[in-house]
Amino acid sequence: MAASKPVEAAVVAAAVPSSGSGVGGGGTAGPGTGGLPRWQLALAVGAPLLLGAGAIYLWSRQQRRREARGRGDASGLKRNSERKTPEGRASPAPGSGHPEGPGAHLDMNSLDRAQAAKNKGNKYFKAGKYEQAIQCYTEAISLCPTEKNVDLSTFYQNRAAAFEQLQKWKEVAQDCTKAVELNPKYVKALFRRAKAHEKLDNKKECLEDVTAVCILEGFQNQQSMLLADKVLKLLGKEKAKEKYKNREPLMPSPQFIKSYFSSFTDDIISQPMLKGEKSDEDKDKEGEALEVKENSGYLKAKQYMEEENYDKIISECSKEIDAEGKYMAEALLLRATFYLLIGNANAAKPDLDKVISLKEANVKLRANALIKRGSMYMQQQQPLLSTQDFNMAADIDPQNADVYHHRGQLKILLDQVEEAVADFDECIRLRPESALAQAQKCFALYRQAYTGNNSSQIQAAMKGFEEVIKKFPRCAEGYALYAQALTDQQQFGKADEMYDKCIDLEPDNATTYVHKGLLQLQWKQDLDRGLELISKAIEIDNKCDFAYETMGTIEVQRGNMEKAIDMFNKAINLAKSEMEMAHLYSLCDAAHAQTEVAKKYGLKPPTL
């Protein structure tokens, strides 16, 4: 149940950081605690908490896993996916037998004639003569006694199947509706109507029907699960596009911003102000902020950075840019960086483009702009453009350790592990004291060994982690990455110790508390302790979207759908990218659909 995000400075972290973690579906890595986006982490470390956009369908996940182990089927999903049509009778239901008493003979004859018409229709259907099949099913419907709900529902469902072959989606939906009205838990009719709604672009109705199917089938059929995942992603993208366009920019927490900048070592704009940029401190104003000598918007922005007065930075950089001042290139890069931090990639890109095109600008400024633009492209799922930017950065500034570090992260995302290790090696050559690069190299080697199921290489990678934390005992990220690998290997006690060391080194790092909370759930099934730790993360940083998302997912598994929806909505408001927002909307929509279906069918989901 652990899904996490390794330590900061990922390729995506450089572009559109998120205070959360990892995949699923979308999101980005945030500084201080991880380097891969949450959707990548779900694949990278351990059993994912989220299995795609439709992963909110977790009511019976624990049961599915137990059943899968019993069957030897690792997925827990049936593979006999395609439902056969047409059919004879629906699933038996109370009162579906032939009546007895006065008038029974008449009813039997009517029902027999209806069944004969249906059987004839089935023959036409199997022969591909769908119009004739429809006529026969229509006759069966007209002959069937009205009190024969289950038989009548079958005739409507069969006619819907014939309409489906003719791609008459409106008629399919209408006949399936009749079938469901007669037999409310008729799975085949619900699923066929869900597919018709998909074709008619009725996403909400499709989601409700396919959710009902998933629940009624006990989440055991891959076909319905895939349709649920598909429509959730479509709904999520649709809602995120509208919301993101009109969203209010939101500055991340100071801890998050500081961690983000600390993931760069060759970034001029994140370095402390030089002596010449400040005036001498007035003895009468001892303890007050130092004043900037020059009338420069950029230098004022730098001063605001040191004061952690981040809200004023974009406006001060704009003054420098508008005045075409001495620090115009630096101001463009700093403004672009803060646009990325507040989740405004559209505003950031022109500034980054301009810095990259300024041939006279400091090469480290241009390289840093390329890293951030390349990371932004990766977050937008444009790996080719991302690779081009990182390669260009390496060409123009081959001695820049940040280029290799972040490109190594990109290679991990692209499953190019050998190239990732080569980049981390180059970063370490240039900056031997880079603990994070050494830890992430171990992580890359571990992922390669784990994917290849090579036990000896796994042990070598684990030994490498031990060497890194011994050599760099103050590097919280090394402990965090090691903890994730240990969790993967089900060495839960030792993983817990590593997270404790992270917390000792960085007590204000919210994401570590989330990971430790998830570990309690996976290791000890200690729900109270897990929620306590995740609540602590929110207390430390009330802008930690990863904490809200994780809390929401746990509440789904507890059956507390309203609380889950509230948590997902809080995460949505904090999302730093449209893709991350789409993922969160998918989770929220799934929880909402399950709530509606549970009420409609009187179902109570299994809980943790």
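This is a predicted model: local features need pLDDT of at least 70, side-chain atom pairs count only at pLDDT 80 or more; totals for chains, interfaces and linings use all residues.
Figure 1. Leaving aside its neighbours within four places in sequence, L334 is in contact with F261, I269, Y298, A301, M305, I313 and C317. L334 also belongs to the largest nonpolar core, which has 57 residues. Within this core, F261, I313, L334 and F338 touch the most other members. The element that gives the most to this core is helix α13 (residues 328-341), with 11 residues.

**Figure 2. Helix α11 (residues 297-306) and what covers it.** Eight of the 10 residues of α11 are buried, so this helix is largely enclosed by the rest of the structure. The buried residues are G297, Y298, L299, A301, K302, Q303, Y304 and M305. Their cover includes α10 (254-262), α12 (313-322) and α13.

**Figure 3. T154 in helix α5 (residues 149-165).** Is T154 buried or exposed? Its relative accessibility is 1%, and because buried means under 20%, T154 counts as buried. K188 is 34 residues from T154 along the chain, and the C-alpha atoms of the two are separated by 9.5 Å.

**Figure 4. Helix α5 beside helix α7 (residues 187-199).** The axes of α5 and α7 come within 10 Å and cross at roughly 30 degrees. Angles under 35 degrees count as roughly parallel, and α5 and α7 are therefore roughly parallel to each other. The crossing is left-handed. On the α5 side, Q157, A160, A161 and E164 take part in the contact; on the α7 side, K188, A189, R192 and K195 do. By class, this contact has three nonpolar, one polar and four charged residues. An α-helix has 3.6 residues a turn, so residues three or four places apart point the same way.

**Figure 5. Helix α17 (residues 401-413) beside helix α19 (residues 435-451).** The axes of α17 and α19 come within 11 Å, with a crossing angle of roughly 15 degrees. These two helices are therefore roughly parallel to each other. Their crossing is left-handed. From α17, the residues H405, Q409 and I412 meet L436, A437, Q440 and A444 of α19. Sorted by class, the contact has four nonpolar, three polar and no charged residues.

Note on methods:
Residues are numbered from 1 along each chain as its sequence is written. Side-chain values use heavy atoms; hydrogens and water are left out. Axes are lines fitted to C-alpha atoms, for helices over the stretch in contact, and angles run from 0 to 180 degrees between N-to-C directions. Helices (H or I, at least four residues) and strands (E, at least two) are DSSP runs, numbered from the N terminus. Angles under 35 degrees count as roughly parallel, over 145 as roughly antiparallel, 65 to 115 as roughly perpendicular and the rest as oblique. A crossing is left-handed if the near helix is turned anticlockwise from the far one by less than a right angle, and right-handed if clockwise. Contact means heavy atoms within 4.5 Å. Ala, Val, Leu, Ile, Met, Phe, Trp, Tyr, Cys and Pro count as nonpolar, Asp, Glu, Lys and Arg as charged, and the others, Gly among them, as polar. A nonpolar core is a set of buried Ala, Val, Leu, Ile, Met, Phe, Trp, Tyr and Cys residues joined through side-chain atoms within 4.5 Å. Buried means under 20% relative accessible area, exposed over 50%, partly exposed in between (1.4 Å probe, protein chains only).
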